[in-house]
Amino acid sequence: MTALLVLEDGRVFEGAPYGAVGETYGEMVFNTGMTGYQETLTDPSYHRQIVAMTAPHIGNTGVNDEDPESGRVWVAGYVVREPARVHSNWRANRSLDDYLREQGVVGIAMRGTRALTRHLRERGAMRAGIFSGGALPPVPELVEKVRRSPEMTGADLAAEVATTEAYVVPAIGEKRFTVAAVDLGIKGMTPHRMAERGCEVHVLPATVTAEALLALDPDGVFFSNGPGDPAAADHAVETLRKVLDAGKPFFGICFGNQILGRALGLGTYKLRYGHRGVNQPVQDRRTGKVEISAHNHGFAVDAPLDGPFDTPYGRAEVSHVNLNDDCVEGLRLLDRPVFSVQYHPEAAAGPHDAAYLFDEFCEVMGA
Amino acid sequence: MPKRTDIQSIMVIGSGPIVIGQACEFDYSGTQACRVLRAEGFRVILVNSNPATIMTDPEFADATYVEPITPDIIEKIIAKERPDALLPTLGGQTALNAAVALHESGVLERYEVELIGANFDAIQAGENREKFKEIVAKVAAERGLNAESARSVICHTMDECLAGAEVLGYPVVVRPSFTMGGAGSGFAHDEADLRRIAGAGLDASPTTEVLLEESILGWKEFELEVMRDRADNVVIVCSIENIDPMGVHTGDSVTVAPAMTLTDREYQNMRDVAIAVIREVGVDTGGCNIQFAVDPATGRMIVIEMNPRVSRSSALASKATGFPIAKIAAKLAVGYTLDEVPNDITKETPASFEPSLDYVVVKVPRFAFEKFAGADQTLTTHMKSVGEAMAIGRSFPEALQKALRSLEKKGSQFSWTGPVAPKESLLAQMRVPHDGRLRTIQQAIRAGATLEELFDATKIDPWFLDQLFLIHEVATEIREFDGPTLKNAKEHGFSDVQIGEILGLEESRVRDLRHALGLRPVYNTVDTCAAEFAAKTPYLYSTYDEETEVPTGDRPKVIILGSGPNRIGQGIEFDYACVHASFELAAAGFETVMVNCNPETVSTDYDTSDRLYFEPLTLEDVLEVVHAEQATGPVAGVIVQLGGQTPLGLAQALKDAGVPVVGTPPESIHLAEERGAFGRVLAEAGLPAPRHGTALSVDEARTIAEEIGYPVLVRPSYVLGGAGMAIVYDDDTLTTYMGKAATDHPVLIDKFLDDAIEIDVDALYDGEELYLGGVMEHIEEAGIHSGDSACALPPITLGSFDIKRIRTATEAIAKGVGVRGLLNVQYAMAANVLYVLEANPRASRTIPFVSKATAVPLAKAAARVMMGATIAGLREEGMLPATGDGGTLPMDSPIAVKEAVLPFDRFRGVDIVLGPEMRSTGEVMGVDAGFGSAYAKSQQAAYGGLPTKGRAFVSVANKDKRAMIFPVKALAELGFEILATEGTAEVLRRNGVHAKIVRKQSDGPGADGEPTIVRRILDGEVDLIVNTPFGSPGQSGPRLDGYEIRTAAVLRGIACITTVQGLAAAVQGIQHIVRGDVGVRSLQEHAQRLRG
């Protein structure tokens, strides 16, 4: 049985079906992490994206119940080169193949994952479809189908992935702070990292109003990562502005960083092919130190790199920058306890170098 | 933080001779460091006793000292050069130990030399196991990490060891402190084992300290390569997973990068621990290696050890990822931070990142047990491999199969033809780790073993075992020749040879059919970033994938074939020649392309050539590289003469396939190697050779031997390093030898010239003119392999008349054979007749030594000659001296002595007597004004030196008794107390040397408990041993006595001289040391003196 990966520009890759059989569409992106496929699959930020893994062998450690970042697989499709036939890890309780099938995720195992990555690197992220099972229509028809699928630019997706009901992640040990965390596609590790530091985290739906949020009287407000185009996330921007007006300490991650950027009056733009992996060098411009960090973003904030700038909430600066491409990786207000980063200090998957940011959030809430 | 400006000159210490556990990876790291430091404007002072290294080329340092790496010699160099700083982390354990000694003796303080790259406390903390355990416990507790150390006990005496083992329970691991390559360590399953291993370990440890540890046999083993800068930025360059679980030294394990069987949580925990540990240890800047064991059943993780320096694994990690650890370590040592150093490969991104791999790297070790009869072949925590090959593929099966064929060893590849041993016996065999265990597993799969059975027998992770099943399944699908099956097989790394074997087709037939189907590999780039960014440095590997990434060029290209994995007889010397050719041809305007599969080498540094193909050196793989290069531009030539026997063996087939092989044509190579043809060349030139014949059967051999007379030298044809060579004195031994020799190759039988002087010559020939590179006189008599023999240059007992004869003979051979490039000839001078023993029209093992001793870059000149330059032209350019050559060195030239280094301390129980089969792993050079001091230096560099006082024990064969008298007398005059066995003592007393008689081992202890000589050696009562062998190997009586004496000498690490010529040289050396006239001189000064 064959499976096809069809890109909107007409390039086609052939392989074998992996996971569920059928058809699926999404924005085609690649991830360069060599570990952590389970975390990647369950990261809501990958909603409506087909993810290709550049690491060839995937599924070696199977699937366990501890590592998912949310209750389900979010990727729209999965592209790998060498799926494991046998998995091996003391915590695993099923194979990745079974898990993907159970979750209805259509995938493809194909030789040309590097060719695909090079293609995306040169041409930029684009829409794609995976097709498998039965007799497939001719390729031009498949390309047409891909071209009719929705684009990522302009997509407001947070509400599709976020919780519909508020819930509380209790503090581990003694409770020190109450955090109102707006779920724009939050990963399980994020509230866990805060809870470890004594935060009781109220995870709120993406549609929450500023009034409802502030009614919790939180010590700090957090906006999470999430899928979609920040330019379309007007509701979140409005909510954040009111939070800032209320003078609450704020911390944002990824999509949350873009929302802060917009709230401060900055623009956002789509990167050619994004940052997705666990090896990106980010420099903390305050200390000069470099963190190896986990990334998953296709959009970025457009902010001046050459020094502080004015915003409606006072002076701000770019606090972190990606050394590979000088992309803005963090923002902070100089005179208020408000900051955010574009990358993932909660890691999962990825290195823990940036975990100090959770400490800083706790510090500003305690100040 | 930018470069430090408060230091101007830096001393770098290399790792000395190639030994097991410390090979040319340190030439790679040291060369990178020297290049970086010089490019940064520092004055570099280098010390390394190994002349075969590229780092000791005069152009890589401002002052290069090929001198023994000992504290007293280094102090002399420091006093002379006054460096501001010492960088000790790039020369392995040797350099680190030397730095510790210099620190402890106050030399560094006295001369105000700052240790950079590591500080003394960090070295101590990393190397002292007790301190290290405390560090692990501390970081685990403070940071809540899952990490601990194996339960253990530190012991300084045997009683402490016995008590410790009771507490831990057998089996226990024994690890001596401060030894390299795990020397002296092992598993003790009971008290007898413990007494043996811990006893030797206490002796081997410079601090008389061993560690006993709980057994974690069968656990998964991992390594991380870590870099830290002075701003405390830390990156993990690479993770490495050992396929062989705990119990096998990582140098002897098949390893994979990146780790294949870790979840992100486990990997990140390991990463956190690694970073916390190196911070706590206090490694200021540079690379470290840290090893972990993971219990597959529970995930319990143990931190095994860390090396606060660049290591063999970091060389592997550098090649595996494209992240040059040593180069960056050198930059960090002089003050830069990781974010200030650009990633060479992308040019656009900084070095402060962690490489991402979209391929799999497999390293396989290469062993040489066939050279050491009687050695224990079980793989343990004590490293025994002599080299390694690495391969890259887009999947594990592809990389593994490429790696196995890179070993170039018969039987190393998986095979599906021929009979299969019964499953049970294969399962039993694989329970004990051994060379080729993966193949044993593959055969067991053929025999019907299940994954569970294999796991039970080996504890190899089931994921890896399943990959072997996958390879097996692909093989069983190869039944007929159809496109999809063949493509599938190629994607899983099958070679044309393997496919041909399964289908019963010739390799060439498979290749033709494959090409007819349009099936060829593509070449992907090692780019550090999984294609996220474009790569600027072309470092390529083949794979059956979609797109090729070979860049196009317009300069004419030269492809240089390297020498593959290090093995005895083919090592770093050949890499030296290849690298030189690459540098020189690039300078001459060619685009240079290197093909090699040895991750330890300088040739596989992506900086060395314009393009690097990390590929096996088989005909198939080389032809595909040539094809890929021809597809993107003109190939001016392929060089096969510099990488030793490996590429030379491909010459004819390459030429037949239409590849432009340059230099000496394959037909000429054949002419030199084929006995009959070479005999005709000699006859025409009127040159005598020892009488000889070629035999295919026992009867033929006996007839020939009778005709030419015993003793005879026997050997299989077409070998390097004298494999399977022996000197035979009688019919019975000859019959046994012929019985064991392979019958598909003829056996060469030569008259053996007793008491001849052996002479080695390296020369260059352009078709018109001969340049005599160097004439080396062996210290040991003919019959000892030239690779194992010490030699002197200029020759110490040959006059200008002899050299003239040698020149004439060499020229006649060069002309007769049709050499274009290098030629090595071995002669024997007996009864004033110059016999030709053999000629090799290729780079020899002695090229680097000769180049350094005469200050002429022979390999570079050879590369130019191969590409069409003339010797006259090169003289004009100044590459070669305007007049004269290596045969016309001035009378007062300094003497250079090359000494071989043998790995007997690794193979206990093996007789150390030298013979016609090469067994050395490396070499050193001692250079000084006179022979005695040069020889003394060579001994110091090779074995730690000659004693200047104490007891000397002498026991020699009858034939050596005359020659022994004079030097032993000299020893006595130097103040040595002379011990001797009865026969030897008798001769000595008659000649006025009062020798005390000691009991032979076969005599047993005396009535009053007088110890035998072996006991006295083991008790440390003897300082120098002179023992020349007599009797036939394997016999009881005198030969066995000698064997036990020599074995005891190895155990105690006592200087042991096994030839009477060696004794004479040693006495001269001792006299010089006693007189204290041992100076230091840099190669640059040496060259100034020789070439002006």
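I began with the UniProt annotation "binding site", which comes from an unreviewed entry and covers A:Ser45, A:Gly226, A:Gly228, A:Phe255, A:Gln258, A:Asn296, A:Gly298 and A:Phe299. These residues span 255 residues in sequence, yet no two of their C-alpha atoms are more than 13.3 Å apart, so I noted that they gather at one spot. I kept in mind that the model is predicted.

I then looked up A:Gly226, which I found in the loop between strand S13 (220-223) and helix H8 (234-245) of chain A. A:Gly226 counts as buried because it has 31 C-beta neighbours inside 10 Å. Setting aside neighbours within four places in sequence, I listed its contacts, among them A:Pro44, A:Ser45, A:Leu184 and A:Phe255.

Next I turned to A:Asn296, which sits in strand S16 (residues 290-302) of chain A, and which counts as buried with 28 C-beta neighbours inside 10 Å. With neighbours within four places in sequence left out, A:Asn296 is in contact with A:Asp43, A:Ser45, A:Cys254, A:Arg276 and A:His344.

Finally I examined helix H15 (residues 451-458) of chain B, where B:Leu454, B:Ala457 and B:Thr458 are buried. Seen down the axis of H15(B), the buried residues fall within an arc of 80°, so I recorded that they line one face of the helix. I found B:Glu452 and B:Asp456 exposed on the other side of H15(B), while the buried residues pack against helix H13 (423-431), helix H14 (437-446) and helix H16 (462-477) of chain B. I also noted that H15(B) is followed by B:Lys459, whose phi is positive, near 60°.

Definitions and conventions:
Residues are numbered from 1 along each chain as its sequence is written. Chains are lettered from A and ligands numbered from 1 in the order in which they are written. This is a predicted model: local features need pLDDT of at least 70, side-chain atom pairs count only at pLDDT 80 or more; totals for chains, interfaces and linings use all residues. A residue is buried if 20 or more other C-beta atoms lie within 10 Å of its own, exposed if 12 or fewer, and partly exposed in between; C-beta atoms are placed from the backbone. Helices (H or I, at least four residues) and strands (E, at least two) are DSSP runs, numbered from the N terminus. The arc is that of the directions from the helix axis to the C-beta atoms. Two residues are in contact if their C-beta atoms, placed from the backbone, lie within 7 Å. UniProt positions are given in the numbering used here, feature names are shortened, and annotations may be inferred rather than shown by experiment.
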